[in-house]
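Hi,

Here is the structure I promised to pass on.

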Amino acid sequence: MLDPDVVRRADRAALPEGVPTVASGARAVAEETAGFAPRSRFAEPTLVNGAVGIVVAPRGRLPLALTLTVEDERITAYEVIADPGRLIRLELALLDEVRPHVASAHG
């Protein structure tokens with residue numbers, strides 16, 4: 001899923017101390033992302049400012065959102081937004097809210 005040259009940018013608030021705000025390369029980004037595995041159970045695909053993204057919202061609180069850039073079916077860049085001032089300005093919509101309703105063949 002990650003492009004070999006993927007770039008991850010993140011707000012300082014999203015990262016542990018000492019982790020750079022920019023990382024590049026699929027291996028580096030994947031290894032770093034593994035450290036966020038405990039939060040992944042709260043991740044949901046969502047529209048973020050009208051584009052497919054991800055929100056993490058344990059117990060209904062939004063500590064971070066991700067915007068994704070996808071080219072040729074690979075993630076070429078993503079940004080982790082965790083600054084409260086930036087989070088409050090995001091337009092979020094559940095994907096189910098924008099999917100057209102498809103009637104069942106049975107009724």
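Let's start with a side chain: is Arg27 buried or exposed? Arg27 is exposed, at a relative accessible area of 66%. (For this term, buried means under 20% relative accessible area, exposed over 50%, and partly exposed in between, with a 1.4 Å probe and protein chains only.)

Before you read on, two housekeeping points. This is a predicted model, so local features need pLDDT of at least 70 and side-chain atom pairs count only at pLDDT 80 or more, while totals for chains, interfaces and linings use all residues. Residues are numbered from 1 along each chain as its sequence is written, and side-chain values use heavy atoms, with hydrogens and water left out.

Salt bridges

Searching the whole structure turns up four salt bridges, a salt bridge being a side-chain nitrogen of Lys or Arg within 4 Å of a carboxyl oxygen of Asp or Glu. Arg27 takes part in one with Glu31, where the closest N and O atoms are 3.1 Å apart. Both residues sit in helix H1, four residues apart, or about one turn of the helix. (Helices, H or I with at least four residues, and strands, E with at least two, are DSSP runs numbered from the N terminus.) Glu31 is exposed as well, with a relative accessible area of 51%.

Arg8 and Glu32 make another salt bridge, with 2.6 Å between the closest N and O atoms. This pair ties together distant parts of the chain: Arg8 belongs to strand E1 (residues 2-10) and Glu32 to helix H1 (residues 26-34), 24 residues apart. Arg8 is buried, at a relative accessible area of 1%.

Then there is Arg86 with Glu79, whose side chains meet in a salt bridge at 2.9 Å, N to O. Arg86 counts as partly exposed at 26% relative accessibility, and Glu79 also counts as partly exposed, at 24%. Asp11 joins in too: Asp11, Glu79 and Arg86 are linked in a network of salt bridges.

As for pairing, two strands pair if DSSP finds at least two bridges between them. E1 and E2 run antiparallel and are joined by three bridges, with Val7 standing opposite Ser24 in E2. E1 and E6 run parallel, joined by five bridges, and here Leu2 stands opposite Ile75 in E6. Ile75 is also the bridge partner of Val70. Strand E5 (residues 64-71) pairs with E6 in the antiparallel sense over seven bridges.

Strand E6 (residues 74-81) has six of its eight residues buried, so it is largely enclosed by the rest of the structure.

Two spots worth a click

Asp72 is in the loop between E5 and E6. The hairpin of these strands has two residues between them, and Asp72 takes a positive phi near 50 degrees. Asp72 counts as exposed, at 77% relative accessibility. Asp72 and Asp3 are 69 residues apart in sequence and 9.0 Å apart in space, C-alpha to C-alpha.

Leu94 lies in strand E7 and counts as partly exposed, at 48% relative accessibility.

Cheers
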